[in-house]
Amino acid sequence: MVSRAYHALLSAFGWLAGLIAVAIGAGVSLDVLLRTFGGQGIPWMLEASEYGLYLMTFFGAPWALRERAHVSIDIAVEAMPPPARRVAAIVGDALGLVIAAVLAFYALRIAHDSWARGSMIYKELVFPDWWLAALLPLSLALVAIEFGRRLVRIR
Amino acid sequence: MSWPLALVLLLGSLVAMMAIGMPVVFAFFGVNLLGALVFLGGDAGVEQLVRNVSSSISNFSLVPIPLFVFMGEMMFHSGMAHKAIDAVDRLIYRLPGRLSIVAVVGGTIFAALSGSTMANTAMLGSTLLPEMRRRGYHPTIAMGPILGTGGIAMLIPPSGLAVLLASLAKIPIADLLIAGIVPGLIFAVLFFGYIVARCALDPSLAPSEALAAAPLGERLRPFLVYVLPLLSIFVVVVGGILAGIATPSESAALGAVAAVLAAAGYRRLTWQGFVKAMLETAKISVMIFFIASASLTFSQILAFSGATQGLLESLRSLHLGPTQLVAGMLVILLFMGCFLDQLSMMLITLPFFMPLAQLLGLDPVWFGMLMLLVLEISFTTPPFGMLLFVMKGVATDVTMRDIYRAAGPFIALELVGLVLMFLFPPLVTWLPGLLH
């Protein structure tokens, strides 16, 4: 049950990443067309697409890890005998887990501080900074969980 | 800590983490974490590292990357690319090594519509390779042109990797994109000449086929219907940049929309094809941007540890000329390309190469293009060229050794092209010069 919900969440985040990429293309095109033919573009489109790149990346990161889409270099690993390969996999996934967890902790602290201080982003769009900052700890925590899942599956 | 020790510590731990097969992005974040603790003041350093993550990638000039990838995926998954290759296939006639020539010409055209070397190679491999093998083409002359031409996608705009390189190296993005056109065409011409010459000398490499003589009009029609309209997308994207009307980001957005409209126009726009293109785009883009999000901290750490400055000073004390230093940098990059992926190569070398290039007073567009050419070549250099594995994926019964051997002559041709561009900079700088 928990596992199914987890996988559904990751897949939904993957879709969201794709939809954001498509939305950036559509939005920037619309801005150009309006500016060229209507005289007036969409003033917030530039910064919205910048946020979009960040949102796409971190909604997509745990999903891409599950789909094994993050590039890795397996030339040395493939030359190892199976026992060494197993050790490499354990060490690699454990390190990945620790790195993601530490980063998630710091990202959470930053997002929390920003929320507690009530920091705002003042550009064309004005909104609380933590709306963006909150994604990073969530994404990195899911990445850490994904590394943990890989770790327990190593035989 | 002395700078050589810092350099060994940072790069050593990076290589160690990569070697045990960790996704490279976590190897970079691991080193960033280590470096932040040691060189950026511990707790505050790690906080800086996390803040750098979003500022590295929240950048409007990176917008073309997902959109260029999307253009290629859309062409691929809608089947428009296959139709275009078919049309080229009908057009090319009575040439030695005909299907290999189709791969080069078709691949170069597709390179002008797609920013993804992977999609390009997979498309050429899946459409042309079975036919070539059925006709008894020698593996070298069958797979080599596909591997070589697949890489041209990252030279001829749209090219996502060119955008990333320019952004990280602080080179004007429009200039580097436009600069890729001539080198890409030179590569294509070299491949073309080599195939014709080799197959003319040894016809057994590519057995000729008895094609029914069709009138020219009939052969031309599919090209006019399936290729020419698509090339107008290229004109929109590159023309907008060249004329200075649109930024690369805006051109890319229009190109992506045009790709969807073209698919609709050919009645090839399906929900499944669109979703497939969208999800593949997300996978590749997330991978690229996640690595890019580690770039700022990585270069800061190299600078703060004194490694950047130290290495540059000791290079200066060797009193080498610019030619030797540029050649040296390219050789280092070629060597790294045998083992590393393109993104890692950029992240590791740019913090050293760009200040050095500036010190030497090099034209950044020329130098950036030479780097991009080497990155392109390293897509096919054994043992870890990524396209070699894409080829293995479409030709499952071929051994890696055969694929390596097929890539060999085309790598040599690309090196010839690289030397040409190195000796005659105007080949690279002339076209972007028109921008100003």
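**Exercise 1. In which helix of chain A is the place of S139(A), and is S139(A) buried or exposed?**

Solution. The model is a predicted one, in which local features need pLDDT of at least 70, side-chain atom pairs count only at pLDDT 80 or more, and totals for chains, interfaces and linings use all residues. Residues are numbered from 1 along each chain as its sequence is written, chains are lettered from A and ligands numbered from 1 in the order in which they are written, and side-chain values use heavy atoms, with hydrogens and water left out.

Step 1: S139(A) is placed in helix α6, residues 135-153 of chain A; helices (H or I, at least four residues) and strands (E, at least two) are DSSP runs, numbered from the N terminus.

Step 2: with a relative accessible area of 1%, S139(A) is buried, where buried means under 20% relative accessible area, exposed over 50%, and partly exposed in between (1.4 Å probe, protein chains only).

Step 3: once residues up to four places away in sequence are set aside, S139(A) touches F58(A), A61(A) and P62(A), a contact being heavy atoms within 4.5 Å.

**Exercise 2. Describe the build of chain A, from its elements to its overall dimensions.**

Solution. Step 1: chain A has 6 helices and 2 strands, and from the N terminus on these elements follow the order α-α-α-α-β-β-α-α.

Step 1: the radius of gyration of chain A is 20 Å, well over the 15 Å that the globule rule gives for 155 residues, so chain A is more spread out than a compact globule; the radius is taken over C-alpha atoms, and the rule is 2.2 Å times the number of residues to the power 0.38.

Step 2: taken along the principal axes, the C-alpha atoms of chain A fill a box of roughly 65 × 40 × 35 Å.

Step 3: of the 155 residues of chain A, 46% count as buried, and of the contacts in this chain with a separation of 6 or more, 73% come from residues 24 or more positions apart.

**Exercise 3. Which residues touch the most other members of the largest nonpolar core?**

Solution. Step 1: among the 222 residues of this core, those touching the most other members are F29(B), M75(B), M132(B), I233(B), V326(B), F367(B) and L370(B); helix α15 (residues 271-292) of chain B gives the most to the core, with 14 residues. A nonpolar core is a set of buried Ala, Val, Leu, Ile, Met, Phe, Trp, Tyr and Cys residues joined through side-chain atoms within 4.5 Å.

Step 1: leaving aside neighbours within four places in sequence, V326(B) is in contact with L362(B), W366(B), F367(B), L370(B) and F422(B).
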